[in-house]
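User: I would like to read this model step by step, with questions and answers. Could we begin with the terms we shall need?

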Amino acid sequence: MVEADPTRTAGARLSGRASSERVRLSRLALAQALAVEGVIRADSGPLGTQVTLDGRERLAGVTAAALPEGRYGVTLHLVAQLVPLHELGGRIRARIKRAASLAGIGDALGPVDLVFEDIADSPEGVV
Amino acid sequence: MLRAIDRLIAFLLLLAVALLGVATAVFAIQGDSRALSLPTLARHLRLPELREVLDDFLSHLEAGGPVAWASVGGGAAAIALGLLLLAGALAPRRERLVVLEEDGESRLAARRRPLAQIAGALVEQVRGVTDERTRVRPRRVGSGGRLMISAYHSRALSSPEIERQVAAAVAPLADAFSLRARVNARRGEGRARVE
């Protein structure tokens, strides 16, 4: 019986490489979004499906999907304070874009979708 | 609503087909006219009597008259019902997100609940408003939607004035999210009477 070597198949190589870049982008986008004033936390959704898995670690509130042109579209699900969401979204996007460029993965960053899942008064209490 | 009816009918049909399949399988165990044979199943389901009723009905249908017209009505109703169910199954699902900005690639959106909360907070700031109910309904396609506000106020104020002030208070939010605001002010009852 011949067993296929998973490390030698093109699909596995692609999957492994793509996964690491995808996870790096997800992690970076999440960290940058959470650092913006007005963002309280990320939210994985009512069913807990809005996550990126990195081994055993779950990056809650962020997903990244591969696009045909080789980039990754990132979607962030956030809980924000009662602030103008338009400007907040602009600040988050600018920060992610800058950080991705500095990290050398700016070319892999595609569109950044932002979904405000909830509004909270403070980090402790969600309205 | 139509989608829910679609799901219910699909579930009931699947259940019926499954039960019929099980019954057919069980009654196919034996042959001839024994207890677990298909002729016995047909007798249990009264299929011979049904055939007679159907023959009678078809002969009346061919002859014309009230039976034929009732059949035409029934057929038309069945077609209308089928079209409605088809519309329920194929119509685009209402987006749960209200899109604030969509530039072709990326989009900025918010769920209905936080938007309703923001609108509610803006409405409560209007002097004279004692209670409020806000609902956001996104459009099925594209951005924007409807913002429906019920504002309760004390007897000292007039409803048109409250409606004007509430509409002005939520205007920045409605404009930003392309929401069409509809304000309905009314005098509060019970706790909603007191500011």
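Analyst: Two strands pair if DSSP finds at least two bridges between them, and the helices (H or I, at least four residues) and strands (E, at least two) are themselves DSSP runs, numbered from the N terminus. Residues are numbered from 1 along each chain as its sequence is written, while chains are lettered from A and ligands numbered from 1 in the order in which they are written. This is a predicted model, in which local features need pLDDT of at least 70 and side-chain atom pairs count only at pLDDT 80 or more, whereas totals for chains, interfaces and linings use all residues.

User: In what order do the elements of chain B run from the N terminus on?

Analyst: Chain B holds 6 helices and 5 strands. Read from the N terminus on, the order of these elements is α-α-α-α-β-β-α-β-β-α-β.

User: What is the order of the elements in chain A?

Analyst: Chain A has 2 helices and 6 strands. From the N terminus on, they follow one another as α-β-β-β-β-β-α-β.

User: What percentage of the residues in chain A is buried?

Analyst: A residue is called buried if 20 or more other C-beta atoms, placed from the backbone, lie within 10 Å of its own, exposed if 12 or fewer do, and partly exposed in between. Of the 195 residues of chain B, 19% count as buried. For the 127 residues in chain A, the buried part comes to 31%.

User: In which sense do β6 of chain A and β2(B) pair?

Analyst: Strand β6 (residues 109–120) of chain A is joined to β2(B) over 3 bridges. In this pairing, Val115(A) stands opposite Ala109(B). The sense of the pairing is parallel.

User: Which residue in the turn of the hairpin of β3(B) and β4(B) has a positive phi?

Analyst: Strands β3 (residues 129–138) and β4 (residues 145–153) of chain B run antiparallel and are joined by 9 bridges, and Glu132(B) stands opposite Ala151(B) in β4(B). The hairpin leaves 6 residues between the two strands. The residue in the turn with a positive phi, of about 80 degrees, is Gly142(B).

User: Which elements are included in what covers the buried residues of α5(B)?

Analyst: The buried residues of α5(B) include Pro114(B), Leu115(B), Ile118(B) and Val123(B). Their cover draws on both chains, for it includes β6 of chain A and, from chain B, β1, β2, β3, β4 and α6 (159–176).

User: How far apart in space are Leu85(B) and Asp6(B), C-alpha to C-alpha?

Analyst: Leu85(B) is found in helix α4 (residues 66–90) of chain B, and it counts as partly exposed because 16 other C-beta atoms lie within 10 Å. Leaving aside neighbours within four places in sequence, Leu85(B) is in contact with Leu2(B), Ile5(B), Asp6(B) and Ile9(B). Although Leu85(B) and Asp6(B) are 79 residues apart in sequence, their distance in space is 5.9 Å.

User: Where is Arg46(B) placed?

Analyst: Arg46(B) has a positive phi, near 60 degrees, in a residue other than glycine. It counts as exposed, because it has 11 C-beta neighbours inside 10 Å. Its place in chain B is the loop between α2 (38–44) and α3.

Technical notes. Contact = placed C-beta atoms within 7 Å.
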